[in-house]
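Me: I've just opened this one and I'm completely new to it. Can you walk me through what I'm looking at?

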Amino acid sequence: MSTARKRLVSSPDAQSRLARAAAWLAERGKATELLVVGGTMQAAAEVTRRGGREAGGTFGWHRLTLAQLAWRLAEGPLAL
């Protein structure tokens, strides 16, 4: 059973949101496989860049947009 906690961060200040996201990534560890989903690929890349800078480099952090995630989740069932 997963003990993962969920948290929603909402702020009109983009720097605050990015800082919290980078801190969350740093807490996961720099070699943990995880997926960052952003509104755009540039947004997801910015979050992982910030987190990677704080971690001193990363491995296994993947970036997708919501549309790309939907496509990847659907491509297996649609191929049948």
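**Starting from Thr48**

Me: Let's pick a residue. Where does Thr48 lie?

Reply: Thr48 is in helix H2, which covers residues 41-55. Helices here are DSSP runs of H or I with at least four residues, strands are runs of E with at least two, and both are numbered from the N terminus. Before going on: this is a predicted model, where local features need pLDDT of at least 70, side-chain atom pairs count only at pLDDT 80 or more, and totals for chains, interfaces and linings use all residues. Residues are numbered from 1 along each chain as its sequence is written, and side-chain values use heavy atoms, with hydrogens and water left out.

Me: Got it. Is Thr48 buried or exposed?

Reply: Thr48 counts as buried because its relative accessibility is 7%. The cut-offs are under 20% relative accessible area for buried and over 50% for exposed, with partly exposed in between (1.4 Å probe, protein chains only).

Me: And what is Thr48 in contact with?

Reply: Skipping neighbours within four places in sequence, Thr48 is in contact with Leu25, Val36, Trp61 and Arg63. Contact means heavy atoms within 4.5 Å.

Me: Okay, zooming out. How many helices and strands are there?

Reply: The protein has three helices and two strands. Along the sequence they follow the pattern α-β-α-β-α. The C-alpha atoms fill a box of roughly 40 × 30 × 25 Å along the principal axes.

Me: How much of the protein do buried residues make up?

Reply: Of the 80 residues, 20% are buried. The protein exposes about 6100 Å², and carbon and sulfur atoms supply 59% of that. Those areas come from the Shrake-Rupley method with a 1.4 Å probe; for residues, only the protein chains shown count as cover.

Me: Which residues make up the largest nonpolar core?

Reply: Seven residues make up that core: Leu18, Leu25, Leu34, Val36, Ala44, Val47 and Trp61. At least two of the core residues come from each of helix H1 (14-28), E1 and H2. A nonpolar core is a set of buried Ala, Val, Leu, Ile, Met, Phe, Trp, Tyr and Cys residues joined through side-chain atoms within 4.5 Å. In soluble globular proteins, nonpolar side chains tend to be buried together.

Me: What about Ala44, what is that one in contact with?

Reply: Again leaving aside neighbours within four places in sequence, Ala44 is in contact with Val36, Gly38, Arg63 and Leu64. Across the protein, residues 24 or more positions apart account for 64% of the contacts with a separation of 6 or more.

Me: Let's hop to Thr65. Where does that lie?

Reply: Thr65 is in strand E2, residues 61-65. Thr65 counts as buried because its relative accessible area is 14%. Beyond its neighbours within four places in sequence, Thr65 is in contact with Val37, Gly38, Gly39, Thr40 and Met41.

Me: Now the outside. Which residues form the nonpolar patch on the surface?

Reply: That patch is Leu35, Val37 and Leu66, with about 260 Å² of accessible area together. Patches use residues with over 30% relative accessible area and no salt bridge, joining like charges within 9 Å and nonpolar side chains (Val, Leu, Ile, Met, Phe, Trp, Tyr) within 5 Å. Leu35 is found in strand E1, residues 34-38, and Leu35 is partly exposed at 40% relative accessible area.

Me: You mentioned salt bridges. How many are there?

Reply: A salt bridge is a side-chain nitrogen of Lys or Arg within 4 Å of a carboxyl oxygen of Asp or Glu. By that rule there are four. One of them joins Arg50 and Glu46, at 2.9 Å from N to O. Both lie in helix H2, four residues apart, about one turn of the helix. Arg50 is partly exposed at 23%, and Glu46 is partly exposed at 24%.

Me: Which residues are linked in a network of salt bridges?

Reply: Arg20, Glu27 and Arg28 are linked that way. Glu27 bridges to Arg20 with the closest N and O atoms 3.6 Å apart, and Glu27 also meets Arg28 at 3.5 Å. Glu27 counts as exposed at 52% relative accessibility, while Arg20 is partly exposed at 22% and Arg28 is partly exposed at 33%.

Me: Last one: where is Arg49?

Reply: Arg49 is in helix H2, and is partly exposed at 45% relative accessibility. Its C-alpha atom is separated by 21 Å from that of Ala67, 18 residues apart along the chain.
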